[in-house]
Amino acid sequence: MADAARTQLRVGRLTKAHGLKGAIKLELYTDDPERRFVPGAEFSLQVPESSPWHGKHLTLRELRWYNGHPVGFFDGVDDRTAAEGLVKAILWVEHVDEEAPEPDAWYDHQLVGLAVLRDGEKIGEVAHVDHLPAQDLLIVKSHGREVMVPFVAAIVPEVDLDARTITVTPPAGLFEDLPEIDAEATTASDAANAASGPGEPEASGPRDAPAE
């Protein structure tokens, strides 16, 4: 019987050195840390090519929780200097495709090619996925260009693998250029205001403030 197919699963990111003995705070990208972060678990590292850790692996000695935050202790990371050299590294594990999937977790190969829908209409297709330290980005081909869509619930509320669709609720301007102000009308308005002389003082406060 052939071995089950294997893929890589992103499970966490190292965020900050903790203490003096090589511990590192973690941002978890898994809903099942008890399964992924057990003593002896081995992780591939996503780091810049210039990093001395490029192409290496980390083995977990222990995962502890401090004030509700996960902190990892790893083999070969024994002081703060070594820990600081791993900050921003993304952790990956080898995943057997026959394992039960985690809730709301998808692999890149499952997302690539899905139709992107807005208000029920197709506006593009997922070309690939970028994994950045802060968040994942869906790169969507739309009307001849690539659009970077933050892969967060507020903008991507639904992924339907069976229907091969992704529903998005993007902010204005993400998939199309915002309408420009009519330059001629603006010039004429400015001229009229100048000709009429000073009027009532304008109210103070922000104008066109960005949405929170």
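Analyst: One term comes before the rest: two strands pair if DSSP finds at least two bridges between them. Keep in mind that this is a predicted model.

User: OK. What is the order of the strands in the open sheet?

Analyst: The order is β10-β9-β8-β7-β12-β11, six strands in an open sheet with mixed pairing.

User: Which strands stand at the edges?

Analyst: β10 (145-150) and β11 (158-160) do. Each has a single partner strand, so one side of each has no neighbour in the sheet. From one strand to the next, the twist averages 35 degrees.

User: What holds paired strands together in general?

Analyst: Backbone hydrogen bonds; the strands can pair parallel or antiparallel.

User: Then take β7 and β8. Parallel or antiparallel?

Analyst: Antiparallel, with four bridges joining β7 (residues 115-118) to β8 (residues 121-131). As an example, Ala-115 is opposite Glu-125 of β8.

User: How many residues lie between the strands in that hairpin?

Analyst: Two residues lie between β7 and β8. In this hairpin Asp-119 has a positive phi, near 55 degrees.

User: And β7 with β12, parallel or antiparallel?

Analyst: That pairing is parallel, over three bridges, and β12 covers residues 165-167. Val-116 has Ile-166 of β12 as its bridge partner, and Leu-117 has Thr-167.

User: Changing topic. How many salt bridges does a search of the whole structure find?

Analyst: Six. The general idea is that side chains of opposite charge can pair when their charged atoms come close.

User: Let's start with Asp-136. Which side chain does it meet in a salt bridge?

Analyst: The side chain of Arg-10, at 2.5 Å from N to O. Asp-136 lies in strand β9 and Arg-10 in strand β1 (residues 6-18), so this pair ties together parts 126 residues apart in sequence.

User: Is Asp-136 buried or exposed?

Analyst: Asp-136 counts as buried because its relative accessibility is 13%, and buried means under 20%. Arg-10 is buried too, also with a relative accessible area of 13%.

User: What else is Asp-136 in contact with, leaving aside neighbours within four places in sequence?

Analyst: Besides Arg-10, Asp-136 is in contact with Asp-130, His-131, Val-149, Pro-150 and Phe-151. Asp-136 itself belongs to β9, which covers residues 136-142.

User: Next one. Which residue's side chain meets Arg-13 in a salt bridge?

Analyst: That of Glu-27, at 2.9 Å from N to O. This pair links distant parts of the chain, with Arg-13 in β1 and Glu-27 in β2 (residues 23-28), 14 residues apart.

User: What about Arg-80: which residue does it form a salt bridge with?

Analyst: With Glu-84; the closest N and O atoms are 3.2 Å apart.

User: Where do Arg-80 and Glu-84 sit?

Analyst: In helix α2 (residues 80-84). They are four residues apart there, so about one helical turn separates them.

User: And how accessible are Arg-80 and Glu-84?

Analyst: Arg-80 is partly exposed, with a relative accessible area of 30%. Glu-84 counts as partly exposed as well, at 44% relative accessibility.

Methods:
Residues numbered from 1 in each chain as written. Predicted model: local features only at pLDDT ≥ 70, side-chain atom pairs only at ≥ 80, totals over all residues. Heavy atoms only, no water. Buried < 20%, exposed > 50% of the residue type's maximum accessible area, 1.4 Å probe, protein only. Contact = heavy atoms within 4.5 Å. Salt bridge = Lys/Arg side-chain N within 4 Å of Asp/Glu carboxyl O. Axes fitted to C-alpha atoms, helices over the stretch in contact; angles between N-to-C directions.
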